[in-house]
Every structure is written in C-alpha cells, then in structure tokens.
Amino acid sequence: MKQNSIIIYLNNDSSGSWIFADENGTILQSVTQTELNQLSISHDAVIYVFLPAQDILITQAELPKLSRQKLLKALPFALEEQLIDDVNDLHFAIGDYQPDGTLPVAVVSKQKMTHWLNVLAERGISPYAFIPAIFALPIPEHDWKINSFAQQAIVRTGKMTGFACEQDNLDTLLKLKMADLPESQTKDLVKTHLSPQQLLENLAGNIDRIEYINLLQGSYQAKPQGGKIKKIWLTAGYLVLACVAVAFISNIISLIILKHQYNQLETAITQIYKHNFPQASSIVAPRERMSEKLRNLSGQASKNNILAVLGKLGKSLKESSGIQIRNLD
C-alpha cells in the first residue's frame, strides 16, 4: 500500500531541501535550501534521504552468490586494493546482483554515516533509506545522465553505476570513463542543470519504484518503522491476551453457573426421591427406581374402573361446551 513520502536532499552543511508528497505523488510541500529543523515530520510518511554523492563511491564487485551477511563481510577484502582508506573505517552497502553477474557496491566512511544519522536524529528524523544522490537521476539507456549544479556534478552511467565530481573536473573524468568503454559502445551525454529541489520534485510520483543502493545496511540497518511495528505487535499481543483472559473468565463463570444449576437439580431430585421413597436411607439409581414406580402406577391405573370412567367422562366433557361439573361423588 502506498504511503505519504518525505524526500530530503541533504547538504554537507547539514541544511537541505525537501518535499512532502501524498500517496498519489502530489506535492503538498516543497522547501529549498534551509535548515532541517524546520521540517515537520508526518508520522505516516516514509522518509527517503539523498546524500552528497561526492562522499560516496559507487563501484562493482565480482563475488559468488552468497547470503547478504556473508557478502557484507567479504566485500572489504574484495575491494581493499581499490580503496585508499582503511577498510575498517568504511561502510559497505550492496544492491542486487546484475544480469552480468556483478554486484553493485556503495562505499562511504563510517564517520560520514554517523554524522548524517546524528544530524537527522537531532531533528527527530528517522530515515527509511539513505540514497546516494546519483540515483536521483533517471536510469540511462543508451546515454549517460549528467546534472550540474553549484559547481558539483553527478553522473549516472548505468542502472547501478555512476560518479560525482567538481564541475571543473567533469570533462576530464568523462573522457577517462569513455576511454574505458569498448570501441563498439558510444554514449550520448544528456546534461541538465537542475537544483536539488527540482530533482526531488521529479521523483515525487515514483520514489517507491526507483532503483538505488540503500546505505542503511548492516549495523546501520534502517528501523524507521520499528517503533510502530513493535507497538502494533504489542497491541496485538495485548488484544490476544485480553481475548484469552475473557474466554478463560467466561468459562469459569459458566462453570460456576452450571455448578449452581447442578446443585439445584440434585437438591430437587433428592426431595422428589425422598418424597416417593421415604423409607430409603440413601439415593440409589433414582432414575431407574422412579421409572419403575411410574410403570407400576400406570399398570394399577389401567385396572381401576373408576379411573377408566373418569377418563372417558373427562374426554366427553372436553369435547362438549357449556357443561360444568358442580359436584362429583
């Protein structure tokens, strides 16, 4: 089920731009380049945060298919030679395996991750996804998407590839990247000059469908809805316990009522039994003895002539109207 969304473009100076969109992608609020403490958080909104692309390396690894946990442990050793910083100081996040067998990887310093999370936490923001800004650009097909703004450029070269640089270095890096392509491949360069705010507005209607690497993995696993989910489960648990308690109490009450009715019936049976068998010292097979006594009485009644006459007389009186018995001797 689609939900409202808040999409933030975080700057290095801890300011940012953001939009608030409803479940249909309609933009309800759009704010550019301001302090995040002015952002009003909607409790039912999913929060996506785009991060400065120049602080994140997007690369690829060739590893056998392993569980996610094992992949995250193996990545530092697989990419160690490509990295300048100590792998112990870096955070690795992965995407899904691509058709060519490569594994998309995003690498960022743990210090940056902690800083970004603290900046958001101080403002009461719990993100669902940390997304490198490169993935704010459309997926290229036969071209490369390039956006330049405020002396910074981000380039998306594929579904899960791209890079960022200063605008002054863009042409040089593009030539180097182009030189790595096979001779049979040529790429058109589609350049835009959109502000962070405009990039976010372009994403409002399909933010839940874009392809990206979420940096909130491993020890940074996103738990934006954890409190809500925990509260829902607790509520459900309390309701189940309440239902069990009500059913248990209801059964106890039913047992008490049935016990009371049973005692009343036992008392009534005892009284009837002693009335019919006054000489009995104990109650033995009351049902059978009463049935036997009724059969005996029925047999005696059938031999009594006066009872037979009264039976016929009663039947005749019932079928006749206007007759009243005043005396019977």
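This is a predicted model: local features need pLDDT of at least 70, side-chain atom pairs count only at pLDDT 80 or more; totals for chains, interfaces and linings use all residues.
Confidence was examined at the level of the chain and its elements. The protein chain has an average pLDDT of 85. A score of at least 70 is reached by 95% of the residues. Confidence is highest in strand 8, at 95. It is lowest in helix 6 (residues 286–303), where the mean is 74.

Two aromatic pairs are present. Tyrosine 48 and tyrosine 128 form an edge-to-face pair, with 5.6 Å from centre to centre and 75° between the planes. This pair links distant parts of the chain, 80 residues apart. Tyrosine 48 belongs to strand 4 (residues 45–51). Tyrosine 128 lies in the loop between helix 2 (110–122) and strand 8 (129–132). The two rings also fall into separate classes of accessibility. Tyrosine 48 has a relative accessible area of 7% and is buried, whereas tyrosine 128, at 37%, is partly exposed.

Tryptophan 116 and phenylalanine 130 also make an aromatic pair. Their ring centres are 6.3 Å apart and their planes stand at 85°, so the pair is edge-to-face. Tryptophan 116 lies in helix 2 and phenylalanine 130 in strand 8, so the contact ties together parts that are 14 residues apart in sequence. Tryptophan 116 is buried, because its relative accessibility of 1% is under the 20% limit. Phenylalanine 130 is likewise buried, with a relative accessible area of 0%.

Another ring contact involves a charge. The charged end of lysine 65 sits over the ring of tyrosine 97. The distance to the ring centre is 5.5 Å.

The structure holds five salt bridges. One of them joins aspartate 55 to lysine 112, with 3.7 Å between the closest N and O atoms. This bridge links distant parts of the chain, 57 residues apart. Aspartate 55 is in the loop between strand 4 and strand 5 (57–61), and lysine 112 is in helix 2. Both partners are partly exposed: aspartate 55 has a relative accessible area of 22%, and lysine 112 has a relative accessibility of 27%.

A salt bridge also connects aspartate 143 with lysine 145, the closest N and O atoms being 3.4 Å apart. Here aspartate 143 counts as buried at 14% relative accessibility. Lysine 145 counts as buried too, at 18%. Arginine 209 and aspartate 208 meet through their side chains in a further bridge, at 3.7 Å from N to O. Arginine 209 is exposed, with 53% relative accessibility, while aspartate 208 is partly exposed at 42%.

Alanine 150 has a phi near 50°. For glutamine 151, phi is near 70°. Alanine 150 is found in the loop between strand 9 (143–149) and strand 10 (152–158). Glutamine 151 lies in the loop between strand 9 and strand 10. Alanine 150 is exposed, because its relative accessible area of 57% is over the 50% limit.

Isoleucine 325 is placed in the segment after helix 7 (305–319).

Technical notes:
Residues are numbered from 1 along each chain as its sequence is written. Side-chain values use heavy atoms; hydrogens and water are left out. Rings of Phe, Tyr and Trp (its six-membered ring) pair if their centres lie within 6.5 Å; planes under 30 degrees apart count as stacked, over 60 as edge-to-face and the rest as tilted. Helices (H or I, at least four residues) and strands (E, at least two) are DSSP runs, numbered from the N terminus. Buried means under 20% relative accessible area, exposed over 50%, partly exposed in between (1.4 Å probe, protein chains only). A charge sits over a ring if NZ of Lys or CZ of Arg is within 6 Å of the ring centre and within 35 degrees of the ring normal. pLDDT is the predictor's confidence in each residue, from 0 to 100. A salt bridge is a side-chain nitrogen of Lys or Arg within 4 Å of a carboxyl oxygen of Asp or Glu.
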